[in-house]
Amino acid sequence: MTDIPLNESIFIIWSSENPEVAHNLVLMYAHNALLKEWWGRVRLIIWGPSAKLVSEDEDIQAKLKEMKADGVEIWACRACADNYGVTASLEALDLNVVYVGTPVTEMIKDGWKQLTF
């Protein structure tokens, strides 16, 4: 459990399969949001086609590893990963691969801020 207030917590849903969106928006914002203390807690959720992109792109994988080491929480939707056949690949990256529907609903209800790419 964290002592960070919910109004200082943001979750980012990343669904785009576009690598430009990944590098120039999602990864840049999520990482800087924590490093520059724009938010006290940052959770990046890989959902939909982005799961396949992560499994294939080594540059993105390296960036996610760096972000995780710096404290960004990284989750991946298990249903999506299963649908794309990339669950083992995402788990090998040490990502938190979980069913995200219920947790996302709870975060919204709890007052987390949200951003979608």
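# Close-up views of a predicted model

**View 1. Histidine 31 and its neighbours.** Leaving aside residues up to four places away in sequence, histidine 31 touches Lys63, Glu66, Met67, Asp70 and Val72. Contact here means heavy atoms within 4.5 Å. Histidine 31 sits in helix 1. Helices (H or I, at least four residues) and strands (E, at least two) are DSSP runs, numbered from the N terminus. Histidine 31 counts as buried, at 3% relative accessibility. Buried means under 20% relative accessible area, exposed over 50%, and partly exposed in between (1.4 Å probe, protein chains only).

The model is predicted: local features need pLDDT of at least 70, side-chain atom pairs count only at pLDDT 80 or more, and totals for chains, interfaces and linings use all residues. Residues are numbered from 1 along each chain as its sequence is written, and side-chain values use heavy atoms, with hydrogens and water left out.

**View 2. Helix 1 against helix 3.** The axes of helix 1 (residues 19-35) and helix 3 (residues 58-69) come within 10 Å and cross at roughly 10°. Axes are lines fitted to C-alpha atoms, for helices over the stretch in contact, and angles run from 0 to 180 degrees between N-to-C directions. The two helices, helix 1 and helix 3, are therefore roughly parallel to each other. Angles under 35 degrees count as roughly parallel, over 145 as roughly antiparallel, 65 to 115 as roughly perpendicular and the rest as oblique. Helix 1 brings Ala22, His23, Leu27, Ala30 and His31 to the contact, and helix 3 brings Asp59, Ile60, Lys63, Leu64, Glu66 and Met67. These residues divide into 6 nonpolar, 2 polar and 3 charged. Ala, Val, Leu, Ile, Met, Phe, Trp, Tyr, Cys and Pro count as nonpolar, Asp, Glu, Lys and Arg as charged, and the others, Gly among them, as polar.

View 3. Two strands pair if DSSP finds at least two bridges between them.

**View 4. Strand 1 between its partners.** Strand 1 (residues 9-14) pairs with strand 5 in the parallel sense over 4 bridges. Phenylalanine 11 has glutamine 114 of strand 5 as its bridge partner. With strand 2, strand 1 pairs in the parallel sense over 6 bridges. There, serine 9 has arginine 41 as its bridge partner, and isoleucine 10 stands opposite valine 42. In a regular strand the side chains alternate between the two faces of the sheet. On strand 1, Ser9, Phe11 and Ile13 point one way and Ile10, Ile12 and Trp14 the other, and all are buried. Strand 2 is also covered on both faces: Arg41, Arg43 and Ile45 lie on one side, Val42, Leu44 and Ile46 on the other, and all are buried.

**View 5. The largest nonpolar core.** This core has 28 residues, and those with the most contacts inside it are Trp14, Leu27, Val42, Leu44, Ile46, Leu64 and Leu90. A nonpolar core is a set of buried Ala, Val, Leu, Ile, Met, Phe, Trp, Tyr and Cys residues joined through side-chain atoms within 4.5 Å. Strand 1, helix 1, strand 2, helix 2 (50-56), helix 3 and strand 3 each give two or more residues. Helix 1 gives the largest share, 7 residues. Leucine 27 touches Trp14, Ala22, Leu44, Ile60, Lys63, Leu64 and Met67, not counting residues up to four places away in sequence.

**View 6. Valine 100 and the second core.** A second, separate core of 10 residues includes Ile13, Cys80, Val100 and Met107. Valine 100 lies in the loop between strand 4 and helix 6. Valine 100 is buried, with a relative accessible area of 1%. Valine 100 touches Ile45, Trp47, Trp75, Ala76 and Cys77, again not counting residues up to four places away in sequence. Valine 100 and isoleucine 45 are 55 residues apart in sequence and 8.2 Å apart in space, C-alpha to C-alpha.
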